[in-house]
Every structure is written in structure tokens, then in C-alpha cells.
Amino acid sequence: MTPGTTEARGAEACDLLIEAGWVVPVEPHGVVLEDHAVAVRDGAILALLPVAEARARFVAGETVSRPDGVLIPGLVNAHVHNPMTLLRGVADDLPLMEWLQGHIWPLEAQLIAPDFVADGITLAIAEMLRGGTTCCNENYFFPDVQAATYQRHGFRARVGLPIIDFPSAWARTDDEYFDRATEVHDQWRGDRLVATAFAPHAPYTVSDASFERIRMLSDQLDIPVHCHVHETAHEVAESQQEHGQRPLARLDRLGLVNDRLIAVHMTQLTDAEIALCAQRGVSVVHCPESNLKLASGFCRAADLQRAGVNLAIGTDGAASNNDLDMFGETRTAALLAKAVANDASALDAASALRAATLGGAKALGFEHLVGSIEPGKQADLACIDLAQIETQPLHHVVSQLVYATGRPQVTDVWIAGKPKLRERALVDMDAAALVANARQWQARIAATGY
């Protein structure tokens with residue numbers, strides 16, 4: 001052993017050491033650690049400790065120093081339709097059903113195919129990485145293509161297995177939807193980055209028989225159910241007329257209101273329904289900007305949080321938002337919660353950031369992997385530069401993250417310890433090629449006449 005070896009110095013080897021002016025681990029709640037570092041080995045977080053101690057303890061293959069940066073868990077976008085990034089701005093300023101039935105569904109009938117799905121997701125991945133997002137909960141057709149695209153780009157995702165009561169380019173019959181769903185699940189079982197969930201579109205587009213089948217398979221396969229629920233007052237009224245029950249009550253009758261349910265939107269809730277969600281362990285994904293844009297209603301985010309319901313945040317698709325900006329979405333969620341609750345203390349900054357990270361991870365069943373900066377978890381991390389004019393002076397780190405930070409301040413992103421964004425530059429993705437491909441899709445979509 002020579003004096004210069006790691007063993008002689010008594011230091012541990014790690015692959016990556018990230019030094020930051022601040023670390024917000026999210027767990028414990030609301031904590032901000034100054035001048036701390038995260039050591040990473042084999043894609044996992046090895047230690048979180050003061051910079052001076054880290055330098056003494058570790059010999060790193062690479063050290064990244066960001067003295068003006070804050071390191072946070074990668075943001076978790078808990079509800080997306082990422083192929084629809086190619087439809088950004090196509091049918092704006094319309095109510096939900098007119099937007100969906102009169103424009104989006106007819107257009108998708110012409111476009112949905114493997115190349116549309118792969119190209120839309122690739123564009124979305126680049127946008128999400130540039131905004132500090134490292135994980136998403138996908139809900140669209142061709143889940144086999146989705147999964148392969150996310151894995152190819154090293155992006156963490158739970159991919160929805162679509163179930164809907166009408167034919168699509170993906171499947172023609174109920175049996176085909178279920179057969180293809182189980183095939184995709186089996187193909188991706190045990191993958192390190194990609195997992196699956198059942199993704200019935202909504203109570204108004206899925207039959208009782210299909211929901212019962214989903215419940216049985218969800219139990220057998222131990223995977224979540226990702227569904228739009230109580231998105232609009234019209235949906236609730238229609239369900240009461242057709243089924244004699246509100247949608248959540250119908251799902252409860254069918255055995256789906258449990259800790260596997262990822263209920264998206266939930267803008268129409270009674271006190272009893274909030275209590276039921278808390279009791280059963282339902283996760284609610286709040287998509288405030290899409291709900292605002294489509295005039296769908298207001299999620300009672302503060303009441304859900306106070307009742308103990310796990311709250312996550314999602315952008316929805318870029319066709320109804322029109323971006324995948326989780327910093328913007330989290331800020332809107334925090335501000336809207338205050339207005340809806342008529343309480344300025346509702347969904348405070350630390351709670352909003354938690355919803356955008358650990359809350360999303362828990363909703364997806366990934367809380368053992370990501371969502372907080374803790375030893376043993378995957379090194380899915382984002383670094384944000386707080387030295388910019390827009391976040392000065394810096395009185396409170398978490399408040400600046402939620403109320404003042406914008407996507408251009410995200411400098412670095414890692415997924416499982418691998419760099420995906422370095423000093424604002426995408427790693428292993430060609431930005432010019434992405435823009436060129438988006439432009440050819442713009443021409444193809446314009447040619448449809450929608």
C-alpha cells in the first residue's frame with residue numbers, strides 16, 4: 001500500500017460528491033442544511049454531511065461544487081400526458097369537454113402512433129430536465145413505446161397501462177386493452193427506472209366491469225391505479241344521473257378507493273369524500289394550472305393536506321397547461337390553496353415543496369427510491385442557482401424555491417447519480433435536433449386542419 005492510496009488515507013471512495021451552499025432534504029420536513037454535500041456511489045446516496053466532513057471522509061471520482069446553489073430532490077411530476085407535448089397550444093381557451101371531444105380526441109385519432117409517442121416524450125424529457133424534474137407519472141397510449149423511450153433517456157417514470165371504453169390505435173376491444181396491459185407490465189417488471197400502473201382514463205369513459213377487472217389485477221400485480229377523478233362538476237352530475245352515485249362513491253363500490261389509487265384533479269370534493277380519502281390512503285394529484293385554464297374547478301388542497309391525505313403535484317399535459325414547469329406549478333398550487341381556503345398560511349412553502357417531491361414519490365409508490373435526500377435512496381437530484389437577481393436577497397431558501405425560482409435557474413440534474421443537465425446544458429440530448437423535430441411535427445399537425 002502506497003501513502004497516496006485511498007486505503008492509506010483512510011478515506012472512502014465515492015463516484016460523485018456534490019457540494020452545495022444549501023441542501024433541502026425534504027425529510028426531515030422544512031430543514032435547510034447550509035454548506036452540505038451529498039456523496040453518491042453506484043447511483044445511490046451514500047451520505048449527506050457538512051462539506052468539510054465530506055472532503056475529509058471521501059475521495060470522489062468527480063466533485064461538483066455549487067456554493068451559490070441549493071440541492072433538492074428531483075421534482076416528481078405526478079400526472080402527465082407527455083406525448084401531448086407535440087400538441088402544445090393546439091386548441092386553447094376552450095372548456096374541457098369541447099377541448100377534449102371537439103379537438104383533442106379527433107386530432108389524436110389521426111396522430112397516435114409509436115413515432116408520435118416517442119417524439120413527444122423525448123421533447124418532454126428535455127423540458128422536464130431543464131426544469132429540475134427527474135420523475136413522472138405517465139398516462140397515454142402505447143405504453144410499450146413510452147417505457148422504452150424513458151429508459152433510453154435514463155428518465156424515471158411510472159408508465160400508465162391505458163384502459164378506456166372505445167377503440168384506439170393501441171387497442172380495439174376491452175380484452176385487447178387488458179391483454180396488452182399485462183404484456184407491457186410483464187416486460188418491464190423489475191426495471192430499475194420504469195414501472196407500470198393501470199391508467200383507466202376516467203369514470204365517465206370506463207365501465208364497471210373494466211374497473212372491477214382493474215381492481216383485481218391491481219391487487220394481483222401490486223401496482224397503482226392512475227385515474228382522472230372528479231375533474232369537473234359536469235362529470236359529477238353526469239355520474240349521479242347515470243349511476244346514481246358520485247364518481248368517487250362509484251369507485252368505492254367497485255373496491256378502488258384504497259392506497260393504490262392515484263386520483264388526479266379532484267376539484268369537486270365534499271368533507272366526507274376528503275375524510276374517505278384520508279382513511280383509505282388515497283393519493284391526490286393537484287394540477288392547478290390545467291384546472292384553471294380549462295375552468296374545471298378548484299382542488300381543496302389545504303383541506304386534503306390537513307386531513308392527512310397524501311398530496312402530490314402534476315402539470316397535466318402540455319396541451320392543457322401549456323408547460324411542464326413544476327416550479328411554476330408548485331407556486332400556483334401554494335398560492336391557489338391560500339385563496340381557496342381563505343387562509344394565507346395554507347400549503348406553506350415547505351409543504352408545497354414536499355408535495356412536489358416526496359408527495360409525488362409516495363403517490364407513485366416510489367417513496368423508498370426518491371423524493372427526499374436520504375442515504376440509501378437513488379441520487380435523483382436537482383441544483384438551483386439562487387445567486388441570480390430574481391432570487392436576491394436570500395432570506396429564506398425554501399420560500400425562494402417555491403415563490404421566486406424559475407426554470408432557468410436549474411443548473412444541474414442527476415438521475416441515479418448520472419448527470420442529465422450540466423451547467424444548463426442537456427447531457428446526451430441534442431437540443432437543436434429536438435427543436436427541428438418539433439417543427440416538423442408542427443407542420444404535420446397543421447396539415448390536419450385542427
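Tutor: Helices here are DSSP runs of H or I with at least four residues, and strands are E runs of at least two, both numbered from the N terminus. The model is predicted.

Student: Which helix gives the most to the lining of the largest cavity?

Tutor: The largest cavity has a volume of about 310 Å³. Of its 24 lining residues, those closest to the centre include His 81, His 201 and His 228. Helix H3 (96–111) and strand S7 each supply at least two lining residues. The top contributor, with five residues, is H3.

Student: How many cavities of 30 Å³ or more does the count come to?

Tutor: A cavity is a set of points where a 1.4 Å probe fits but cannot get out. With a volume cut-off of 30 Å³, the count is four.

Student: Turn to the largest pocket. How many residues does H16 give to its lining?

Tutor: About 410 Å³ of space lies in this pocket. Among the lining residues closest to its centre are Thr 85, Arg 88 and Glu 127. Helix H4 (114–130) and helix H16 (431–446) each supply at least two lining residues. H16 gives the most, and its number is seven.

Student: Which strands are the edge strands of the open sheet?

Tutor: The sheet has eight strands with mixed pairing, in the order S3-S2-S1-S4-S13-S14-S15-S16. An edge strand pairs on one side only. That picks out S3 (44–50) and S16 (425–426).

Student: Which residue in S16 does Leu 421 stand opposite?

Tutor: Strand S15 covers residues 418–422. S15 and S16 pair in the antiparallel sense over two bridges. Opposite Leu 421 stands Leu 426.

Student: How are the rings of Phe 142 and Trp 170 paired: stacked, tilted or edge-to-face?

Tutor: The aromatic pairs number six by the ring rule. For Phe 142 and Trp 170 the ring centres are 5.4 Å apart and the planes stand at 65°. Planes over 60 degrees apart have their own class, so this pair is edge-to-face.

Student: How many residues apart in sequence are the parts that this pair ties together?

Tutor: Phe 142 lies in the loop between strand S6 (133–138) and helix H5 (143–152). Trp 170 lies in the loop between strand S7 (156–163) and helix H6 (174–188).

Student: Are Phe 142 and Trp 170 buried or exposed?

Tutor: The cut-off for burial is under 20% relative accessible area. Both Phe 142 and Trp 170 count as buried.

Student: And what kind of pair do Tyr 150 and Phe 155 make?

Tutor: Tyr 150 is buried at 0% relative accessibility, and Phe 155 is also buried at 0%. Their ring centres are 5.9 Å apart, with the planes at 35°.

Student: Which charged end sits over the ring of Trp 441?

Tutor: Ring pairs link Trp 441 with Phe 116, Tyr 140 and Phe 141 in a cluster. A charged end sits over the ring of Trp 441, 3.8 Å from its centre. The residue is Arg 444.

Student: How far from the ring centre of Trp 170 is the charged end of Arg 180?

Tutor: Trp 170 is the buried partner of Phe 142. The charged end of Arg 180 sits over the Trp 170 ring. Its distance from the ring centre is 3.7 Å.

Technical notes: Residues numbered from 1 in each chain as written. Predicted model: local features only at pLDDT ≥ 70, side-chain atom pairs only at ≥ 80, totals over all residues. Heavy atoms only, no water. Pairing = 2+ DSSP bridges. Phe/Tyr/Trp six-rings, centres within 6.5 Å; stacked < 30°, edge-to-face > 60°. Buried < 20%, exposed > 50% of the residue type's maximum accessible area, 1.4 Å probe, protein only. Lys NZ or Arg CZ within 6 Å of the ring centre and 35° of its normal. 1 Å grid on protein atoms, 1.4 Å probe; cavity = no way out; pocket = protein on both sides within 12 Å on 5 of 7 lines; lining within 4 Å. Points joined across faces, edges and corners; volume = space filled by probe spheres on them.
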